[in-house]
Amino acid sequence: MNLQYSSNQRNFILISAVYLIIMLSMGVTSVLLTIYILKCHHSPEDKPVPNYLRKFCVIAKKDCCCKRRNVVEEADGKVSEDTKPRVPVSETELTWPEVTEILDKFFFKLYAVVLTLLTFAVLVTLVISYFTH
């Protein structure tokens, strides 16, 4: 039995295979990162956070994630923004739960952006391939 595919079908199969391979590798990476984050989360409190991880967390917290406004709800029900000066992130000592929260948020946002861009690129490629052949 000899199956012959048109160039459109071959392109679709090739693009789908590449997309599935990338998605599978992203899933494996996600599981490995989850294992690492859980390992960090269950680290003893007296164990110091390594320098490389502290630097990464400071950069991730400062630049791309975990930005929070200090909102305070007063006793009369009014909500106001806290005006206390914030201590710079680099001057505070990070605890393991803070590290895991920063890593979790960072990698979730990274995964969501990569997934969205990859899916959009594949769909655009398939549409262009369909209409040009």
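Colleague: Take Val99. Leaving aside its neighbours within four places in sequence, which residues is Val99 in contact with?

Modeller: First, a word on the model. It is a predicted one, where local features need pLDDT of at least 70 and side-chain atom pairs count only at pLDDT 80 or more, while totals for chains, interfaces and linings use all residues. Residues are numbered from 1 along each chain as its sequence is written, and side-chain values use heavy atoms, with hydrogens and water left out.

Now your residue. Beyond its neighbours within four places in sequence, Val99 is in contact with Val49, Leu53, Cys57 and Leu94. Contact means heavy atoms within 4.5 Å.

Val99 also belongs to the largest nonpolar core, a set of 12 residues. Such a core is made of buried Ala, Val, Leu, Ile, Met, Phe, Trp, Tyr and Cys residues, joined through side-chain atoms within 4.5 Å. Buried means under 20% relative accessible area, exposed over 50%, and partly exposed in between, with a 1.4 Å probe and protein chains only. The members are Ile37, Cys40, Val49, Leu53, Cys57, Ala60, Leu94, Trp96, Val99, Ile102, Leu103 and Phe106. Two or more residues come from each of helix 1 (7–41), helix 2 (51–63) and helix 3 (96–132). Helix 3 gives the most, with five residues. Helices (H or I, at least four residues) are DSSP runs, numbered from the N terminus. Another core, of five residues, lies apart from this one; Ile15, Tyr19, Met26 and Leu118 are among them.

A search of the whole structure finds zero disulfides, that is, pairs of cysteine sulfur atoms within 2.5 Å. For Cys40, the nearest cysteine sulfur is that of Cys57, 8.1 Å away. Cys40 counts as buried because its relative accessibility is 2%. Cys57 counts as buried because its value is 0%.

Helix 1 comes next. It has 35 residues and reaches 50 Å from its first C-alpha to its last, close to the 51 Å expected at 1.5 Å a residue. That expected span is 1.5 Å times one less than the number of residues. Its buried residues are Ile15, Tyr19, Met26, Ile37 and Cys40. These pack against helix 2 and helix 3.

Finally, the loop between helix 1 and helix 2 holds Ser43. Ser43 is buried because its relative accessible area is 11%. A polar atom of the Ser43 side chain lies 3.1 Å from the backbone oxygen of Lys39.

How values were computed:
A polar contact is a pair of N or O atoms within 3.5 Å; within protein, one must be able to donate a hydrogen and the other to accept it, and residues adjacent in sequence count only if both atoms are side-chain atoms.
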